[in-house]
Amino acid sequence: IKEIDEGSFIIVCQAGRATKYLSTLAMLLGLHVRVGTEDTMWRYPHKEEIIKDNTEVIREHIEIARLLGRRVATGNEYRKLIGLPER
């Protein structure tokens, strides 16, 4: 990406087998991520382990964000980013 409109943002969707790796890389790059079992059912790219539920995926990514010094957005912060009204 060479140019991007001022005020826009990039969000990386965690999809497919490389989910945790791609979302971690995106966080390292300062990008936003979206995670959940609606995008993938695989925990790792090299194993057949299936994710049990969204809660475990979200908790893992919150911990990854914390370890990388990132802060997780609130629901209203996310809504504002994508142009929805606050709740």
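**Reading a predicted chain, from confidence to contacts**

Mentor: In the protein chain, confidence is lowest in strand 1 (residues 11–13), with a mean of 75, and highest in helix 2, with a mean of 93; the score behind these values is pLDDT, the predictor's confidence in each residue on a scale from 0 to 100. This is a predicted model, in which local features need pLDDT of at least 70 and side-chain atom pairs count only at pLDDT 80 or more, while totals for chains, interfaces and linings use all residues. Residues are numbered from 1 along each chain as its sequence is written, and side-chain values use heavy atoms, with hydrogens and water left out.

Trainee: What does the protein chain average in pLDDT?

Mentor: The average is 86, and 97% of the residues score at least 70.

Trainee: How many helices and strands does the protein chain have, and in which pattern do they follow one another?

Mentor: Helices (H or I, at least four residues) and strands (E, at least two) are DSSP runs, numbered from the N terminus. Here there are 3 helices and 2 strands, and along the sequence they are arranged as β-α-β-α-α. The C-alpha atoms fill a box of roughly 40 × 35 × 25 Å along the principal axes.

Trainee: Is arginine 43 buried or exposed?

Mentor: A residue is called buried when its relative accessible area is under 20%, exposed when it is over 50%, and partly exposed in between, using a 1.4 Å probe and protein chains only. Arginine 43 counts as buried because its relative accessibility is 6%, and its place is in the loop between strand 2 (32–34) and helix 2 (54–67). Lysine 52 lies in the loop between strand 2 and helix 2 as well, yet lysine 52 is exposed, with a relative accessible area of 70%. Of the 87 residues of the protein chain, 22% count as buried.

Trainee: Which side chains make polar contacts with the side chain of arginine 43?

Mentor: A polar contact is a pair of N or O atoms within 3.5 Å; within protein, one must be able to donate a hydrogen and the other to accept it, and residues adjacent in sequence count only if both atoms are side-chain atoms. The side chain of arginine 43 has such a contact with the side chain of glutamate 49 at 2.8 Å, and another with the side chain of glutamate 60 at 2.3 Å.

Trainee: With which residues is arginine 43 in contact, leaving aside its neighbours within four places in sequence?

Mentor: Contact means heavy atoms within 4.5 Å, and on that basis arginine 43 is in contact with Thr19, Lys20, Glu49, Ile51, Glu56 and Glu60. Glutamate 56, which lies in helix 2, touches Arg43 and Ile51 when residues up to four places away in sequence are not counted. The side chain of glutamate 56 also reaches the backbone nitrogen of lysine 52 at 3.0 Å.

Trainee: What does leucine 31 touch, and where is it found?

Mentor: Leucine 31 is found in the loop between helix 1 (19–28) and strand 2, and is partly exposed, with a relative accessible area of 21%. Not counting residues up to four places away in sequence, leucine 31 touches Ile10, Val12, Ala26 and Arg70.

Trainee: Which charged ends sit over the rings of tryptophan 42 and tyrosine 44?

Mentor: A charge sits over a ring if NZ of Lys or CZ of Arg is within 6 Å of the ring centre and within 35 degrees of the ring normal. The charged end of arginine 17 sits over the ring of tryptophan 42, at 3.8 Å from its centre, and the charged end of lysine 47 sits over the ring of tyrosine 44, at 5.1 Å from its centre.
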